[in-house]
Amino acid sequence: MKAVQYRRVGHAPEVVDVPVPGPGPGQVLLKVTAAGLCHSDLAVMGWPEEQFPYPLPMTLGHEGVGTVAAVGSGVTAVAEGDDVAVYGPWGCGHCRNCAQGKENCCPRAAGLGILPPGLGYPGALAEYMLVDSPRHLMPLNGLDPVQAAPLTDAGLTPYHAIRRSLPKLVPGSTAVVIGVGGLGHLAVQLLRALTPARVVALDVSKEKLELARTVGAHETLLSDGAAAARVRELTGGTGADVVLDFVGAEATLAVAAASVAVAGDVTIVGIGGGTLAVGFGGGLPFEVAASFPYWGTRPELMEVVELARQGLVSSHVETFTLDEAPTAYERLHAGDINGRAVVLP
Ligand code: NAD
Ligand code: ZN
Ligand code: ZN
């Protein structure tokens, strides 16, 4: 089968031919129907050799949707032909966090060598993929696979990030979304679907700000040196109750710090290498809560899929073949994908 692999540190991913894996006991083999490309893949492919944590070659793709093609012995929860989305942040399945579906916060996974598909374990950018347990599979219930693929990360991650701030997103509140790409364009829609907050979207690209408006942002601003002052103006000087940064660079974190209100939330989702000083004298207003959430929980993925089934959020996608995936990554790197790039194997 064809697979898109990162093979050598510092080199572009390649389309190669690899054997179709067979499901061992408890495992499920999926025929992949759609797989999303994430900016995190570019970050991983930018890491230096001495810090690279995963075995190579590595089949990419941590946003996967597929049809059950075969099940290993003992698997009864899913059957051949089922359309499912893959929950990616696999945990041990047994600790207190995993028992609550918070496998993204499993403290044992790393020690046990459990890695997410596409981030260490063979991923979804292939004709077939293996999933270690049927508990990682969410029924699509009729949702279009192309729509569903981005939800497994680009939808789930903002959903998880926004949920913790819901008590602050009351009528009259303001939420700022920095970076309206794959995650950000779904974040805007999630904020609109879940809260009465006014949504202000920031990006460096006019096309992306246009998409932000189309999907429901009330205000759009170019992300430059004047952006924080504009947010203050729009909020009568108070600042934003919640700032979600989907870039995470020094420049955007500075905008976040200068835009947030007293007792607001700054949530850093982007892994752009910036850090925020938290504490008295750090420059943040009093009582600001800062966090850097990772992916999302299993029940939250079910909830995001349900929101999409109800038509309350939809992924804006550009589709590619497996052969075109390396080019799609180049375009993502150049900032030239509006919404999410989705590969249809
Ligand atoms: P993307 O490339 O689709 O979107 C990034 C957007 O940010 C683009 O629209 C780009 O124009 C915009 N941008 C770039 N510089 C900007 C600036 N200075 N100000 C405002 N906007 C700017 O990326 P994505 O796949 O949506 O991922 C977003 C970030 O989230 C990445 O850093 C990714 O690695 C990270 N991520 C984190 C998690 C997590 O669990 N925390 C999960 C998935 C992705
Ligand atoms: Zn991702
Ligand atoms: Zn666990």
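Modeller: By class, the shell around ligand 1 holds 17 nonpolar, 14 polar and 3 charged residues. Here Ala, Val, Leu, Ile, Met, Phe, Trp, Tyr, Cys and Pro count as nonpolar, Asp, Glu, Lys and Arg as charged, and the others, Gly among them, as polar. One caution: this is a predicted model, where local features need pLDDT of at least 70 and side-chain atom pairs count only at pLDDT 80 or more, while totals for chains, interfaces and linings use all residues. Residues are numbered from 1 along each chain as its sequence is written, and chains are lettered from A and ligands numbered from 1 in the order in which they are written.

Biologist: Which residues are the closest to ligand 1?

Modeller: A residue is near a molecule if its C-beta atom, placed from the backbone, lies within 6 Å of it. On that basis 34 residues surround ligand 1, and the closest are His39, Gly179, Gly181, Gly182 and Ser223. The elements giving two or more residues to this shell are α1 (39–44), α4 (145–163), α5 (182–194), β10 and α8 (250–259). Those labels are DSSP runs numbered from the N terminus: helices (H or I) have at least four residues, strands (E) at least two.

Biologist: How is the protein divided into domains?

Modeller: Domain bounds come from an automatic or database domain assignment. Here there is domain 1 (2–153 + 296–343) and domain 2 (165–291), and the shell around ligand 1 draws at least three residues from each of them. Their C-alpha centres lie 28 Å apart. Counting residues as in contact if their C-beta atoms, placed from the backbone, lie within 7 Å, the contact takes 14 residues from domain 1 and 13 residues from domain 2. On the domain 1 side, α1 gives the most, with 3 residues.

Biologist: What does the UniProt annotation cover?

Modeller: UniProt positions are given in the numbering used here, feature names are shortened, and annotations may be inferred rather than shown by experiment. The unreviewed entry annotates residues 10–343 as "domain: Enoyl reductase (ER)".

Biologist: Now the sheets. In what order do the 6 strands of the open sheet come?

Modeller: Two strands pair if DSSP finds at least two bridges between them. This sheet runs β11-β10-β9-β12-β13-β14, with parallel pairing. Its edge strands are β11 (219–222) and β14 (289–291), each pairing on one side only. For angles, axes are lines fitted to C-alpha atoms, for helices over the stretch in contact, and values run from 0 to 180 degrees between N-to-C directions. The twist averages 15 degrees from one strand to the next. Helix α6 (residues 206–214) packs on the sheet, touching β10 and β11, and its direction makes about 165 degrees with that of β10. Between β10 (residues 198–203) and β11 there are 4 bridges, and Ala201 stands opposite Thr220.

Biologist: And what is the order of the open sheet of 3 strands?

Modeller: That order is β2-β1-β4, and the pairing is antiparallel. β2 (14–17) and β4 are at the edges with a single partner strand each, so one side of each has no neighbour in the sheet.

How values were computed. Contact = placed C-beta atoms within 7 Å.
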